[in-house]
Amino acid sequence: MSAPPGRGLIVTADDFGLHPSVNAAVERAHRDGILTAASLMVGAPAAEDAIARARALPGLRVGLHLVLADGASVLPPRAIPDLVDAQGRFGGRMARDGARYFCLPRVRRQLALEIRAQFDAFAASGLVLDHVNAHKHFHVHPTILTLILDIGRAFGLQAVRLPRETGPPAQASPRWLRPWLALLEARLDAAHIGHNDYVTGIRQSGRFDEAALLDALCNLPTSGIGELYLHPALASGAAIAPSMRGYRHADEFAALLSPHVRAVCGALRAQGWRFGGFADLVAATGDGADTRAVGADIRAVGADTRAVGADHRSSP
């Protein structure tokens, strides 16, 4: 029996560019496994290596993984002193930072400059922008989402991750987060920006091994576009980043290449499931067509945003 229209799966690797070991795993998991997409950290230490590998993988869909917490900025600290420390790193106190983004205009102006700089860096790579999301799902924050929508249109923004986890109550998104996810979905729909319907991988972060991936694949919802996202690398834990001490990156990499996992994905394909990136699956269900229809407005929005940035840089 063929699958209902709109049933598909995006398999994404986050943190592309964070470390050469991550980049090597992404390349192999796409060539020899089930990986279809990757989210690029443009300011990360191994970003240039990631970009070079992506250019040689025309089938890999690459999006922007905005870093606004627990990572390096693109702009120097002197340009965004209220966002980063003297080494140019965002902290991990997301609740505090989120309140500052919402309440302080000066901080919001700096945030807009950094988000634009990360979009600029992605554009300079020459890669086609498949999607946008944020490290630690910070794009759920309404202020960050507003800036992504306003700035991203000038760079061809067509899709954003909706981090709404599916599954039984023990695995689904917590109740306190659901209103924020509903707001995110409503705003994306109103802006004609495509998105997935559900995601699997948040609760398995750092331990999405073969058994967990097989379980996820065998218990997918019966309709909609889903995204499985993982953190593959050849090495694991603190070797990749200090904040990932307990992550089993190598197990997640092995899961993507597992013959059992590949066999299950083959069976899904035979049933009519489609695999790809956001551009392949979201556009195929109609969202992308709506986004392309507003293309005439994109350049004007981008020009306005650049003018705001110019005003900020010229102000004392």
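Predicted model: local features only at pLDDT ≥ 70, side-chain atom pairs only at ≥ 80, totals over all residues.
**Helices α3 and α4**

I started with α3 (residues 94–103) and α4 (residues 105–124), whose axes come within 6 Å and cross at roughly 100°. Angles of 65 to 115 degrees count as roughly perpendicular, so I put α3 and α4 down as roughly perpendicular to each other. Next I looked up who makes the contact: α3 brings Arg100, Tyr101, Phe102 and Cys103, and α4 brings Pro105, Val107, Arg108 and Leu111. Sorted by class, I get six nonpolar residues, two charged and no polar ones.

**Salt bridges**

I then went for the charged pairs, and the count came to 13 salt bridges.

I checked Arg96 with Asp97, where the closest N and O atoms are 2.6 Å apart. Is Asp97 buried or exposed? Asp97 is buried, at 3% relative accessible area, whereas Arg96 is partly exposed at 40%.

Arg161 and Glu227 also meet in a salt bridge, 2.8 Å from N to O. This pair links distant parts of the chain, 66 residues apart: Arg161 lies in the loop between α5 and α6 (178–190), Glu227 in strand β8 (residues 225–230). I noted both Arg161 and Glu227 as buried. There is a network too: Glu27, Arg31, Asp49 and Arg53 are joined by salt bridges that share partners.

My last pair was Lys136 with Asp70, at 3.8 Å from N to O. Here the loop between β6 (129–134) and α5 (142–152) holds Lys136, and the loop between β3 (61–66) and β4 (71–72) holds Asp70, 66 residues apart. I have Lys136 as partly exposed, with a relative accessible area of 40%.

Conventions:
Residues numbered from 1 in each chain as written. Heavy atoms only, no water. Axes fitted to C-alpha atoms, helices over the stretch in contact; angles between N-to-C directions. Helix = DSSP H or I, 4+ residues; strand = E, 2+ residues; numbered from the N terminus. Parallel < 35°, antiparallel > 145°, perpendicular 65-115°, else oblique. Contact = heavy atoms within 4.5 Å. Nonpolar A, V, L, I, M, F, W, Y, C, P; charged D, E, K, R; others polar. Salt bridge = Lys/Arg side-chain N within 4 Å of Asp/Glu carboxyl O. Buried < 20%, exposed > 50% of the residue type's maximum accessible area, 1.4 Å probe, protein only.
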